[in-house]
Every structure is written in C-alpha cells, then in structure tokens.
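Reader: I have a model open and a few things to ask about it. Can we go through them one at a time?

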Amino acid sequence: MKTLKGRWSLVTGASRGVGLHVSEGLALLGSNLILHSRTLAHTESIASKLRALGVQVFAVSGELSDQRQVDSLLDAALSQAGQIDVVYNNAAIMTPHRSAYFETPAEDYRTSFEVNVISLARICNRLVPPMIARGWGRVVNLTSGIQDQPELSAYSVSKAAVDKYVRDLAPKLAGTGVHMNLLDPGWLRTDLGGPNAPNDPSSVLPGALVPAMLNDGISGRFFRAQDYAGMTLADALEKALAK
Ligand SMILES: NC(=O)c1ccc[n+]([C@@H]2O[C@H](COP(=O)([O-])OP(=O)(O)OC[C@H]3O[C@@H](n4cnc5c(N)ncnc54)[C@H](OP(=O)(O)O)[C@@H]3O)[C@@H](O)[C@H]2O)c1
C-alpha cells in the first residue's frame, strides 16, 4: 500500500462528515494533508490529531461559492505543499427541501452549482494539468445516489453535473497516470445527510479510499463506498479490481 505514502492530498470539506473520515483514512496511509473548510478553526483539532500520526498537515479556508476564495485556497495549498497529488472534491451544500418543487427558486440552483460544480471544476482546472505533467494523480469527486427526489432537485442536478463532468473528462485521462472517479458515500448521518440516514459516517471507510488507491489506469468509474463497508482496505481493493 505504498501508493499514497508521502503524497499530498487536498480534502475539501475536511472539518466533519465524510471529509473528516477520508482525511483520517488518508493520514493512516501516510499521506500528507491539506485540510479545507470555510474557517481555519474548524480543522484545528483535526490537524493536530492527524499530525500525531506522523504526517504533515496544513489547513486552508475558503467559501466555495466565491471563486476568488477558491483561487486563494488553492494558492495557499500549493504554497504550503508544493504540489497536490490527490484531491477529494468533497465539500458540498444541500439546498433546502422544497415540497413545492415547481417553485424551487433559481437561487437554489445558482448556489448549488457554484459550490458543488463550478468550484469543483475550478479546482480540477488548476490541479489536474500539473498531475498530468508529473504522470500521477488521483481525483475523487463526491457525488450522490439521490434519485426521484424533485424536492431536492437543485442539489441532485448539481451532482448529475458532477457525474457528467467526470465521464466526459475520463477518456482524456487515459494513459496519463491520473485517475478521476466518482464516489457516492451512501446516505449517512452527517449534517448534510440528516439524523434519519441509515449509515454511520465512519462507514465510508475503507470504500472512500479505493478510488485513490487503485492503480488500474481507469477513470470515470462510479464507486459506492457502502459496497465496501466493514471490509479491510485490502479486501475492498481486491473487490474493486474484480469488478
Ligand atoms: N451525507 C450524505 O448522506 C451524503 C450522501 C450522498 C452524497 N454526499 C456527499 O458527500 C460529501 C460530503 O457530505 P457530508 O455529508 O460529509 O457533508 P457535511 O457533513 O455537511 O460537511 C460539509 C463539509 O463541507 C464544508 N462546506 C460546506 N459548505 C461549504 C461552502 N459553501 N464552502 C466551502 N466549504 C463548505 C463544511 O465545512 P465547514 O466546517 O466550513 O462548515 C464541511 O467540512 C458531499 O459532496 C455530499 O454531497 C453525502
């Protein structure tokens, strides 16, 4: 499991939920980390905890609905790490539940696309070309299995856009050493998923690490973290390779 040791990973939305567990999982595999949230204070204690595992950890902040802040957080991440080898585009917002779904305001779509799609693409625009130039990189873009819920359409169509983005880019990455894949963490009891979700947030591991660990040269895959819940990482990787 040498793939991630000594690499630099950027995890957006690392302060809680999926991002927190992914960051811990990456640190345990020896990856150095750039932890993102909207406020540095949100990742302070996590950074200390992960440093104790023997990896380097820096924190950056930025509101992802503001593209200037996206640029600034990337400037800060790159000046601290030198390079980013792995990115988990994990941070996202869930728009309000609209029972009157034909009255969903345009603002829901605008904000959701700004945070969940446009920032993600901007981060990829900045980080993927250098990965290609170095011949190695992993991009894991968080998506969702949400369907048939028009009450949350501003959120769900933003995730459909992420799926399309990844699938259209995937053929261009063939042979570059850079993988870009999709990860559905499953419905989890996080702030975004709410208290009625069936799964504990910790159940994203080890599945969430699979797309960063595989060396199969394939992009555009849709990984479901819950397919690997309760497994060891080694077994999860074997299962993913067999698919
Ligand atoms: N939970 C689920 O059931 C579920 C299901 C399917 C897919 N997903 C996907 O999994 C990913 C993680 O979800 P989660 O449940 O872990 O979410 P979460 O618990 O709500 O955490 C969201 C993270 O994103 C950051 N964030 C939120 N809004 C932001 C903004 N406007 N700009 C910058 N950062 C922002 C938060 O940072 P702060 O500390 O600054 O608030 C936090 O670290 C998302 O892409 C989500 O769509 C989740």
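This is a predicted model: local features need pLDDT of at least 70, side-chain atom pairs count only at pLDDT 80 or more; totals for chains, interfaces and linings use all residues.

Reader: Fine. Is Thr176 buried or exposed?

Author: Thr176 has a relative accessible area of 16%, and buried means under 20%, so Thr176 is buried.

Reader: Where does Thr176 sit?

Author: Thr176 lies in the loop that runs between helix 5 (153-173) and strand 6 (178-184).

Reader: What does the side chain of Thr176 reach?

Author: The backbone oxygen of Leu173, at 2.6 Å.

Reader: And which residues is Thr176 in contact with, leaving aside its neighbours within four places in sequence?

Author: Ile132, Gly135 and Trp136.

Reader: Helices next. At what angle do helix 3 and helix 4 pack?

Author: Helix 3 (residues 67-81) and helix 4 (residues 106-134) pack at about 40 degrees, and their axes are 10 Å apart. The two helices are therefore oblique to each other. Their crossing is right-handed.

Reader: Which residues meet there?

Author: From helix 3, Gln67, Val70, Asp71, Leu74, Asp75 and Leu78. They meet Glu114, Ile118, Ser119, Arg122, Ile123, Arg126 and Leu127 in helix 4. By class, that contact has six nonpolar, two polar and five charged residues.

Reader: Now helix 4 and helix 5. How do their axes cross?

Author: At roughly 20 degrees, with the axes coming within 8 Å. That makes helix 4 roughly parallel to helix 5. Helix 4 passes helix 5 in a right-handed crossing.

Reader: What is the contact of helix 4 with helix 5 made of, by class?

Author: It has 15 nonpolar, five polar and one charged residues. Helix 4 brings residues including Asp108, Tyr109, Phe113, Leu120 and Ile132. Among those in helix 5 are Ser153, Tyr155, Val162, Tyr165 and Leu173.

Reader: Change of topic. Where is Val60 found, and is Val60 buried or exposed?

Author: Val60 is in strand 3 (residues 57-61). Its relative accessibility is 2%, so Val60 counts as buried.

Reader: What does Val60 touch, not counting residues up to four places away in sequence?

Author: Ile34, Leu35, His36, Ser37, Leu40, Leu73, Ala76, Ala77 and Gln80.

Reader: How far apart are Val60 and Asp184?

Author: They are 124 residues apart in sequence and 24 Å apart in space, C-alpha to C-alpha.

How values were computed. Residues are numbered from 1 along each chain as its sequence is written. Side-chain values use heavy atoms; hydrogens and water are left out. Helices (H or I, at least four residues) and strands (E, at least two) are DSSP runs, numbered from the N terminus. Buried means under 20% relative accessible area, exposed over 50%, partly exposed in between (1.4 Å probe, protein chains only). A polar contact is a pair of N or O atoms within 3.5 Å; within protein, one must be able to donate a hydrogen and the other to accept it, and residues adjacent in sequence count only if both atoms are side-chain atoms. Contact means heavy atoms within 4.5 Å. Axes are lines fitted to C-alpha atoms, for helices over the stretch in contact, and angles run from 0 to 180 degrees between N-to-C directions. Angles under 35 degrees count as roughly parallel, over 145 as roughly antiparallel, 65 to 115 as roughly perpendicular and the rest as oblique. A crossing is left-handed if the near helix is turned anticlockwise from the far one by less than a right angle, and right-handed if clockwise. Ala, Val, Leu, Ile, Met, Phe, Trp, Tyr, Cys and Pro count as nonpolar, Asp, Glu, Lys and Arg as charged, and the others, Gly among them, as polar.
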